[in-house]
Amino acid sequence: MSVDRRLFLTSLLGAAAGVAGLSGCADSSAAASSKGASTAPLAEKVPAGTSLKISSYLNTQQLQFKLAKLGDLPFKVSSWANIGAGPDVINAFRAGSLDVANNAGIPPIQAHYQGYDAKIVAINVTRKPNYLFATKPGSDIRSVADFKGRKLAFSQGQAQGVVLLRALKEAGLAYDDVDLVPLTSNQFLTALQSGQVDIAPLGNSQAPAYLQQYEAKGARTIATDVVDLLNLLWAPAAVLNDPAKAAAVAAYIPYWAKGQVWAYENPDSWNEEFYVKTQNLTLPQAQAITALANKPLFPPSWDEAIKWEQETADLLAEGGFVKKFDVGSLFDHRFEGIAAKSVSAEYRR
């Protein structure tokens, strides 16, 4: 089901990253093609004439680069695609209309399950929860333990879906103990409002708007310590097997990392220039969102990220949502450490 990791912007925003439901069956093509992934050293300079098609949901990247005064990219961007949700990214990869994208950890698992070969090239680690659970109006649910026997909005391939599965596991609840209602993330609020579900995972930035409207009617939120660890860049193997494009991807990673650091270090400017001017939010609304922002952290080693990705894939496999596989094939280690080297020590972890 839908990331992008997509946060609700029609009532109070976010950024994409979720992914849509895992569909199709895994086959040997992903594993087979991963064996043919390039291991050639990355070129130190991007060849002249190289271009990339890059996702930039809500035009976030271009604005960060401009405000941070990072200068021109050393290659041409033939298109900036306003795409964030995982299924849209995978479809664009397949169509050849996108070369590199920003998502959560679930889309690469989904792509592998569908037999499509794409690799992770950069990682930003999230330490604080991005999601919490909201109850329908008039609910008596107070904790995750109370989810037993209830209807839960579930997007199996999206970051919110995995956060839900992890929360259930931590509470000692089996999948059969609850009723997982398959929905896409953009249906969660409507499902809560109508009572179609008892619980839905919402982005931290969604909660204030939801509670403002429904808290007086008995709706509440339930916070947990469950995190969606990975915010990443990834690209089709075919793109990374092209030496010129691979060099361009490597050159893009520092811009991506530095842009996030700038937004984190300059919340007042980011609130005004992004949330107020482009998303039509009030300044207090923008400030409430940035107050919840995670500090960007770019690990020099991907060991923790690989472990988390494997745990996530295994969790999905336990529920029968995907087939078990070794997630090591999802990472292109030629790019490991590039993001970390581009930022100060404070942001390397």
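These legends walk through several close-up views of one predicted model. Residues are numbered from 1 along each chain as its sequence is written, and side-chain values use heavy atoms, with hydrogens and water left out. Because this is a predicted model, local features need pLDDT of at least 70 and side-chain atom pairs count only at pLDDT 80 or more, while totals for chains, interfaces and linings use all residues.

**View 1. Trp 80 and Tyr 252 form a tilted aromatic pair.**
Let's start with rings. Rings of Phe, Tyr and Trp (its six-membered ring) pair if their centres lie within 6.5 Å; planes under 30 degrees apart count as stacked, over 60 as edge-to-face and the rest as tilted. By this rule the model has 15 aromatic pairs. In one of them, the rings of Trp 80 and Tyr 252 are 6.5 Å apart centre to centre, with 55° between the planes. Trp 80 belongs to strand 2 (residues 76-81) and Tyr 252 to helix 9 (residues 243-265), so this pair links distant parts of the chain, 172 residues apart. Helices (H or I, at least four residues) and strands (E, at least two) are DSSP runs, numbered from the N terminus.

**View 2. Phe 154 and Phe 321 form another tilted aromatic pair.**
Phe 154 lies in strand 6 (residues 151-154), while Phe 321 lies in the loop between helix 12 (303-318) and helix 13 (338-341), so the pair ties together parts that are 167 residues apart in sequence. Phe 154 is buried, at 4% relative accessibility, and Phe 321 is buried too, at 15%.

**View 3. Lys 295 lies over the face of Tyr 347.**
The distance from Lys 295 to the ring centre of Tyr 347 is 5.3 Å. A charge sits over a ring if NZ of Lys or CZ of Arg is within 6 Å of the ring centre and within 35 degrees of the ring normal.

**View 4. Helix 10 packs against helix 11.**
Two packed helices are described by the angle between their axes and the distance between the axes. For helix 10 (residues 267-276) and helix 11 (residues 283-290), the angle is about 120° and the axes are 9 Å apart. Axes are lines fitted to C-alpha atoms, for helices over the stretch in contact, and angles run from 0 to 180 degrees between N-to-C directions. This makes helix 10 oblique to helix 11: angles under 35 degrees count as roughly parallel, over 145 as roughly antiparallel, 65 to 115 as roughly perpendicular and the rest as oblique. Which residues of helix 10 and helix 11 make the contact? Helix 10 brings Pro 267, Trp 270, Asn 271, Tyr 275 and Val 276, and helix 11 brings Leu 283, Ala 286, Gln 287, Ile 289 and Thr 290. Contact means heavy atoms within 4.5 Å.

**View 5. Helix 3 has buried residues that pack against its neighbours.**
In helix 3 (residues 86-95), the buried residues are Gly 86, Pro 87, Val 89, Ile 90, Ala 92 and Phe 93. They pack against strand 3 (101-104), helix 4 (106-113) and strand 10 (230-236). The axes of helix 3 and helix 4 come within 10 Å and cross at roughly 50°, so these helices are oblique to each other. Their contact is made by Gly 86, Pro 87 and Ile 90 of helix 3 and Pro 107, Gln 110 and Ala 111 of helix 4. After helix 3 comes Gly 96, with a positive phi near 75°.

**View 6. Leu 58 and Asn 59 lie in the loop between strand 1 and helix 2.**
Leu 58 has a phi near 60°, a positive value in a residue other than glycine. Asn 59 likewise has a positive phi near 60°. Leu 58 is buried, with a relative accessible area of 17%, whereas Asn 59 is partly exposed at 42%.

Key:
Buried means under 20% relative accessible area, exposed over 50%, partly exposed in between (1.4 Å probe, protein chains only).
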